[in-house]
Amino acid sequence: MNKTKIKSWLLWFFNSFIWLAVLFFVVDLVTKLVVVANRDYILSRPGGQGIDLIPGFLAINYIENPGMAFGLGSDNDVVNRWIFVTVATIGTVIITTIYIKKFKQLNRITRACLMLMLVGAVGNLVDRLFYSFSDFKV
């Protein structure tokens, strides 16, 4: 591969914000694994308070939401999870497909935001699959 091709590929990779999506996906997975691994310690804090990383600004709390958004969902846990995973997957695919077709026309901030939204959606799907369908323990 010559220098021109490498340079154009790196420019495309940087401008596509795929690197941003990969970075935040890894950060999302690692922070969730750390929180799950330290769940008992976080829950044992006085008054149910989490851990203040930056007092008054950033704290880690452990909260479970067994339902869908805002705790919605059926009483049947398995049905609830499958409905959520199916609806979220279909919605993510449709929205992503629409914006991928327009991706080159969008400004850089919008592209970065779309990639972060996609990472959030994929991260939530991973949570539902690994933390909900199994008794996942770290």
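Among contacts in the protein between residues at least 6 apart in sequence, 55% join residues at least 24 apart, where contact means heavy atoms within 4.5 Å. The structure is a predicted model, in which local features need pLDDT of at least 70 and side-chain atom pairs count only at pLDDT 80 or more, while totals for chains, interfaces and linings use all residues. Residues are numbered from 1 along each chain as its sequence is written, and side-chain values use heavy atoms, with hydrogens and water left out.

I shall begin with the overall layout. From the N terminus on, the order of elements is α-α-α-β-β-α-α. Of the 138 residues in the protein, 22% are buried. Buried here means under 20% relative accessible area, exposed means over 50%, and partly exposed lies in between, with a 1.4 Å probe and protein chains only.

Let us now follow the chain from its start. Helix H1, residues 3-16, has 14 residues and reaches 20 Å from its first C-alpha to its last, close to the expected 20 Å. The expected span of a helix is 1.5 Å times one less than its number of residues. Just after H1, Phe-17 takes a positive phi of about 65°.

Phe-17 also belongs to the largest nonpolar core, together with Leu-20, Ala-21, Ala-112, Met-115 and Val-119. A nonpolar core is a set of buried Ala, Val, Leu, Ile, Met, Phe, Trp, Tyr and Cys residues joined through side-chain atoms within 4.5 Å. Which helices supply at least two residues each to this core? They are helix H2 (18-37) and helix H5 (108-132). The largest share, three residues, comes from H5. Ala-112 touches Phe-17 and Leu-20, when residues up to four places away in sequence are not counted.

H2 has 20 residues and spans 28 Å from first C-alpha to last, close to the 28 Å expected. Its buried residues are Leu-20, Ala-21, Asp-28, Val-35 and Val-36. Seen down the axis of H2, these buried residues fall within an arc of 120°, so they line one face of the helix; the arc is that of the directions from the helix axis to the C-beta atoms. Leu-23 also has its place in H2, but at 46% relative accessibility Leu-23 counts as partly exposed. Leu-23 and Leu-116 are 93 residues apart in sequence, and their C-alpha atoms are 10.0 Å apart in space.

How many salt bridges does the structure hold? The structure holds one, and Asp-28 forms it with Lys-32, the closest N and O atoms being 2.9 Å apart. A salt bridge is a side-chain nitrogen of Lys or Arg within 4 Å of a carboxyl oxygen of Asp or Glu. Being four residues apart in helix H2, Asp-28 and Lys-32 are separated by about one helical turn. Lys-32 is partly exposed, at 21% relative accessible area.

Both residues of this pair also meet Gly-123, which is in contact with Phe-25, Asp-28 and Lys-32, leaving aside neighbours within four places in sequence. Gly-123 lies in helix H5 and is buried, at 2% relative accessibility.

I turn next to the strands. Strand E1 (residues 51-54) and strand E2 (residues 58-60) pair in the antiparallel sense over three bridges; two strands pair if DSSP finds at least two bridges between them. The bridge partner of Ile-51 in E2 is Ile-60. E1 and E2 form a hairpin with three residues between them, and Gly-56 in the turn has a positive phi of about 80°.

Ile-63, in the loop between E2 and helix H4 (77-102), is exposed, with a relative accessible area of 73%.
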